[in-house]
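The structure is shown below.

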Amino acid sequence: MEMQARVGRLLFKNPVLTASGTFGYGREAAELYDLSLLGGVMVKGVSRDPWPGNGPIRIARIPGGMLNAIGLQNPGLRHFLEVDLPFLRHYDTQVIVNVVGHDEAGFVDVVRGVHGQPGVAGIELNISCPNVADGLLFSQDPDRAGRLVGLVRQETSLPLIVKLSPNVTDPVEIGAACQAAGADALSAINTVIGMAIDVERRRPVIGIGSAGISGPALKPVALRIVYDLARKLDIPVIGIGGIESGRDALEYLMAGARAVAVGTAVFRDPLAPPRIVAELARELAAQGFAAVDEAWAAANPEARRRQSR
Amino acid sequence: MRPREIRVVERLQPAPDCVELVCEFPEDEGPQSGQFYMLSVGDGRDTYLPRPFSFYRVFSPRRLSFLFRVVGPGTRFLAGLRPRDRLQAMGPLGRGFPLPDGPERAVLVAGGVGVPPLWSLARSLLGLGCEVTALLGARTRSAVLGRPELEALGIQVLTATDDGSMGHRGPVTELLGGIEADGLYACGPEGMLRAVRDIAAARPLPRTYLALEAAMACGYGICLGCAVERAQPDPALGAYGTYARVCREGPVFRWDEVRI
Ligand SMILES: Cc1cc2nc3c(=O)[nH]c(=O)nc-3n(C[C@H](O)[C@H](O)[C@H](O)COP(=O)(O)OP(=O)(O)OC[C@H]3O[C@@H](n4cnc5c(N)ncnc54)[C@H](O)[C@@H]3O)c2cc1C
Ligand SMILES: Cc1cc2nc3c(=O)[nH]c(=O)nc-3n(C[C@H](O)[C@H](O)[C@H](O)COP(=O)(O)O)c2cc1C
Ligand code: FES
């Protein structure tokens with residue numbers, strides 16, 4: 001099976017990446033399996049300065065997944081460059097740096113710091129975290145999203161992926177603004193904003209109240225968005241949301257994703273990413289495909305027509 | 001730490017709503033007292049994430065048990081397992097109780113379902129020549145867990161119940177008043193842990209260790225869901241050091257390491 005996956009300028013040995021925030025910087029997973037089995041890793045969001053994250057409670061269980069409100073706790077750019085990135089360089093996999101900021105300057109500073117560092121394959125702009133006060137600032141307004149992407153574009157020639165939020169009326173409108181501003185690819189989706197109530201304590205379970213829904217419950221939401229992005233835009237899409245099996249990954253490819261990222265599934269099955277790589281190869285063969293590329297948009301004729309134009 | 005399949009070999013019911021599952025592991029295990037495992041709890045409604053459980057008794061290097069009270073869907077699933085059923089276990093996880101360098105007077109304090117990590121700890125402390133006393137607290141007599149199992153190790157066990165139906169009437173921490181200790185090891189509800197911490201501060205008793213709980217998704221350090229505030233953040237980490245991970249830096253912390 002030809003497992004190579006191309007996402008614009010990015011070439012992955014297989015289309016299975018780990019999603020940002022559910023993999024740390026790879027150290028813990030590396031105790032369990034060889035990270036070189038992965039197409040790529042999208043690291044936990046990196047900000048210019050260290051961020052503390054939200055107070056507890058940060059996690060709640062819901063049917064078909066979970067809620068999280070971590071609040072982008074991360075050790076900051078310097079720590080990432082000095083400690084985390086050197087660790088990841090030991091592995092033969094593509095490292096995508098997930099970047100966060102409170103404002104435009106915050107994003108730009110991290111991108112500047114990451115640009116030119118050996119071992120960085122690309123950048124993913126996280127404009128869609130629902131768990132920090134200003135997290136959705138750039139993801140809900142096409143003008144602000146486009147402006148940010150434009151500013152970052154001037155700083156780096158690295159492949160630039162923009163991670164979209166489902167918490168908007170029309171994700172395609174935001175994606176189009178990112179494409180126009182020079183994004184190389186889109187990743188979709190970040191978590192859907194939600195809530196759980198603790199009946200005994202008579203308050204939301206999560207300390208800050210609302211939180212992001214992830215896991216299998218998210219898959220239909222994400223598939224629809226990936227499908228629409230693929231048929232209406234020209235830049236490639238990385239599908240994220242509730243992927244637990246090779247078959248789930250294949251659904252995303254058929255919907256129009258060029259690659260996928262696995263998030264919450266690793267909490268249930270720490271070995272999920274390499275397992276999904278193996279399962280996907282079998283699923284592709286079972287469907288008569290000889291290569292990942294052949295499955296692309298198999299269920300999305302408009303996307304295929306658009307590409308062949 | 002590794003994920004693998006384990007098999008239930010025996011199911012005991014030490015109290016009406018409590019179950020002890022004795023499980024067979026595929027290889028020899030050597031967990032530290034206070035470490036835990038993430039157990040899969042089926043794929044039904046509300047059971048997507050695995051749940052954290054301390055191991056309880058050790059019968060042989062491959063045979064450990066888990067003790068829990070049925071409080072929700074995950075524990076209900078586990079309570080429904082029978083011998084020969086299989087489940088996924090990821091572990092051993094976290095940092096357990098540090099053992100003293102030599103013999104000491106050790107006091108173990110458990111509230112509610114807090115006894116699991118203390119059974120194997122009592123055994124290790126006895127092995128070091130320590131004088132071990134266990135204090136068990138619960139709402140009422142039928143909810144006192146682990147008494148015969150701890151007594152079988154040959155240690156002194158005192159009990160306290162809220163309704164006075166067994167032992168002292170009142171919080172288990174009141175039993176600490178009359179007891180000399182060099183080391184204090186506690187596991188139980190947050191209120192009890194705070195009381196133990198206050199006693200550690202007042203005496204002072206630096207060798208006081210608390211086994212914490214937190215809502216967890218992964219159990220192995222990658223989700224950052226299990227945050228607890230550090231009392232003395234490492235300045236080198238900046239704001240990032242505000243919170244520690246209960247699953248990785250814990251679940252056992254010295255009383256003055258965290259703000260609870
Ligand atoms: C390191 C660690 C070790 C543990 N060891 C044991 C053990 O040996 N035996 C045992 O019985 N339990 C133990 N627990 C607690 C156990 O994990 C929870 O009781 C279990 O997850 C409940 O799952 P459930 O689906 O049955 O209930 P849920 O429906 O998830 O919860 C039932 C009720 O308990 C509350 N709750 C659930 N989890 C927690 C939590 N972590 N902290 C505070 N409140 C909570 C919920 O708010 C709810 O009201 C441990 C927890 C941790 C973090
Ligand atoms: C605990 C947790 C932390 C996350 N942290 C980040 C993050 O730092 N940056 C980011 O872009 N997305 C983050 N996400 C979102 C995931 O990358 C992913 O988009 C989302 O969870 C949907 O995929 P899933 O259903 O496979 O988890 C986080 C998700 C979870 C559950
Ligand atoms: S439970 Fe995931 S980091 Fe602790």
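## The site of ligand 1

In this predicted model, the residues that come nearest to ligand 1 are Arg51(B), Phe68(B), Gly72(B), Gly74(B) and Thr75(B), out of 21 residues around the ligand. Ligand 1 itself lies between chains A and B.

Three elements of chain B each supply at least two residues of the shell around ligand 1, namely β4 (51-54), β6 (63-69) and α1 (73-79). The largest share, 4 residues, comes from β4(B). Sorted by class, the shell around ligand 1 contains 13 nonpolar, 4 polar and 4 charged residues.

## The site of ligand 2

Around ligand 2 there are 28 residues, of which Gly21(A), Gly45(A), Ser214(A), Gly263(A) and Thr264(A) come nearest. The site of ligand 2 is shared between chains because residues from chains A and B surround the ligand. The shell around ligand 2 is made up of 10 nonpolar, 16 polar and 2 charged residues.

## The barrel of chain A

Chain A holds a closed barrel of 8 strands, with parallel pairing, in the order β3-β4-β7-β8-β9-β10-β15-β16. On average, neighbouring strands of this sheet are turned by 25° against each other, direction ignored.

One pairing within chain A joins strand β10 (residues 185-188) to strand β15 (residues 237-240) in the parallel sense, over 3 bridges. In this pairing, Gly239(A) of β15(A) is the residue that Ala188(A) stands opposite. Strands of a sheet pair through backbone hydrogen bonds, either parallel or antiparallel.

## Antiparallel strands in chain B

In chain B, strand β14 (residues 227-230) runs antiparallel to strand β15 (residues 243-245), and 3 bridges join the two. Here Glu229(B) has Tyr243(B) in β15(B) as its bridge partner.

β14(B) also pairs with strand β17 (residues 258-259) of chain B, in the antiparallel sense and over 2 bridges. In this second pairing, Arg230(B) stands opposite Val258(B) in β17(B).

## Two crossing helices of chain A

Helix α5 (residues 171-180) and helix α6 (residues 219-232) of chain A have axes that come within 10 Å and cross at roughly 45°. An angle of 65 to 115 degrees would count as roughly perpendicular and one under 35 degrees as roughly parallel, so α5(A) is oblique to α6(A). The crossing of α5(A) and α6(A) is right-handed.

The helices meet through Pro171(A), Val172(A) and Gly175(A) on the side of α5(A), and through Ile225(A), Asp228(A), Leu229(A) and Lys232(A) on the side of α6(A). The residues of this contact divide into 4 nonpolar, 1 polar and 2 charged.

## The contact between chains A and B

How many residues of chain A are in contact with chain B? There are 31 residues of chain A in contact with 27 residues of chain B. On the side of chain A that touches chain B, the elements that give two or more residues are β5 (59-62), β6 (65-68) and α8 (265-268) of chain A. By class, this side of chain A has 15 nonpolar, 10 polar and 6 charged residues.

Both ligands also concern the two chains: ligand 1 lies between chains A and B, and ligand 2 is surrounded by residues from chains A and B.

Terms used:
Residues numbered from 1 in each chain as written. Chains lettered and ligands numbered in written order. Predicted model: local features only at pLDDT ≥ 70, side-chain atom pairs only at ≥ 80, totals over all residues. Near = placed C-beta within 6 Å. Nonpolar A, V, L, I, M, F, W, Y, C, P; charged D, E, K, R; others polar. Pairing = 2+ DSSP bridges. Axes fitted to C-alpha atoms, helices over the stretch in contact; angles between N-to-C directions. Parallel < 35°, antiparallel > 145°, perpendicular 65-115°, else oblique. Left-handed = near helix turned anticlockwise from the far one by under 90°. Contact = placed C-beta atoms within 7 Å.
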